[in-house]
Amino acid sequence: MAFDAFALMLAMLALGMAFARLRVLPGNAAETLNLVVLYVCLPAAILIHVPRLRFDVSLLGLVLVPWALAGATWALLRLLSPRLRLRRDEFAVLLLCTMLGNTSFIGYPMVQALLGAQALPYAVVYDQFGTFVMLSTLGLVVLARYGGEHPPTKREVALRIARFPPMWALAFGLTLMPEQPPDWIASALERLSGVLLMLVMLAVGLTIQLKLPRDEIAPLATGLLLKLALLPALSLALALGVGLRGDVLQVAVLESAMPPMITAAALAISHGLAPRLAAAMVGYGIVLAMATLPAWAYVLQRLA
């Protein structure tokens, strides 16, 4: 593990929480930081690492993992829902927040810190072809079904994907971006992507909520157990089953173990779907992931 990078994550998370408590930054500071990451830092990271990919069959298996886990998530929650007496909105939140992990904003820096920079291109593949496409398709369907809206059309889904800045960077990185760009371009991209970790964890610290909803303890515990423990275990079994090895295997498991996606929770809250549960899933998920992710990295290293 790159201990210095991991320590920096914890420090920036604590700093963001302190800033939020002291109210030293504007109320929209976290939103602004996230936009900078979305439009600048993430595309820069993609442009650096994606051209270094060497395409083989294992990448298809890597993309398969998040989609297979989404199906498993739905099946498990359908099975558990009667036992937990979940309301429709609680079921929708758990489905969104366990199916969709924070595989970019937190996933990229965590993969780099725990596995090294050489594993980051595989995290981009998992995130862009797995999590992001699922958010833009299955996520919208869940919101429409449980939030009272009309299901999105194919055109709306396609436009959402086409307008996503990291997707532009991915398309450019796969086609026109050279593996070894001119030094001044490479240096600029490295500098821009280098602040990704600090900005993301600062933004998370500014928005994290740890207020426990007492009447939703059981759904919260179930969702976090699925997201941080059971789904990564399933991912490990599935990845081994389809023949993934090395960095590809480790990325598949670590990305599946990321805490719930902040965007998914925000969308659930904006649609009036169990807002306290959604906020708690993100807040407690991020805090607990600071312990569970290194644990999964240790397990993977022992298997290597």
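A disulfide is a pair of cysteine sulfur atoms within 2.5 Å. The model is predicted, so local features need pLDDT of at least 70 and side-chain atom pairs count only at pLDDT 80 or more, whereas totals for chains, interfaces and linings use all residues. Residues are numbered from 1 along each chain as its sequence is written, and side-chain values use heavy atoms, with hydrogens and water left out.

**View 1. Cysteines Cys41 and Cys97.** By the sulfur distance rule, the structure has 0 disulfides. Cys41 has a relative accessible area of 1% and is buried (buried means under 20% relative accessible area, exposed over 50%, partly exposed in between; 1.4 Å probe, protein chains only). Cys97, at 0%, is also buried.

**View 2. Arg87 with Asp89 and Glu90.** A salt bridge places a side-chain nitrogen of Lys or Arg within 4 Å of a carboxyl oxygen of Asp or Glu; the whole structure holds 3 salt bridges. Arg87 is partly exposed at 39% relative accessibility. Its N to O distance is 3.0 Å to Asp89 and 2.9 Å to Glu90. Asp89 is buried at 18%, as is Glu90 at 4%.

**View 3. Arg87 and Glu216.** The closest N and O atoms of this salt bridge are 3.5 Å apart. Arg87 lies in the loop between helix H3 (57–84) and helix H4 (88–99), and Glu216 in the loop between helix H10 (196–207) and helix H11 (217–241), so the pair ties together parts 129 residues apart in sequence. Helices (H or I, at least four residues) are DSSP runs numbered from the N terminus. Glu216 is buried at 3% relative accessibility. Through shared partners, salt bridges join Arg87, Asp89, Glu90 and Glu216 into one network.

How values were computed. Helices (H or I, at least four residues) and strands (E, at least two) are DSSP runs, numbered from the N terminus.
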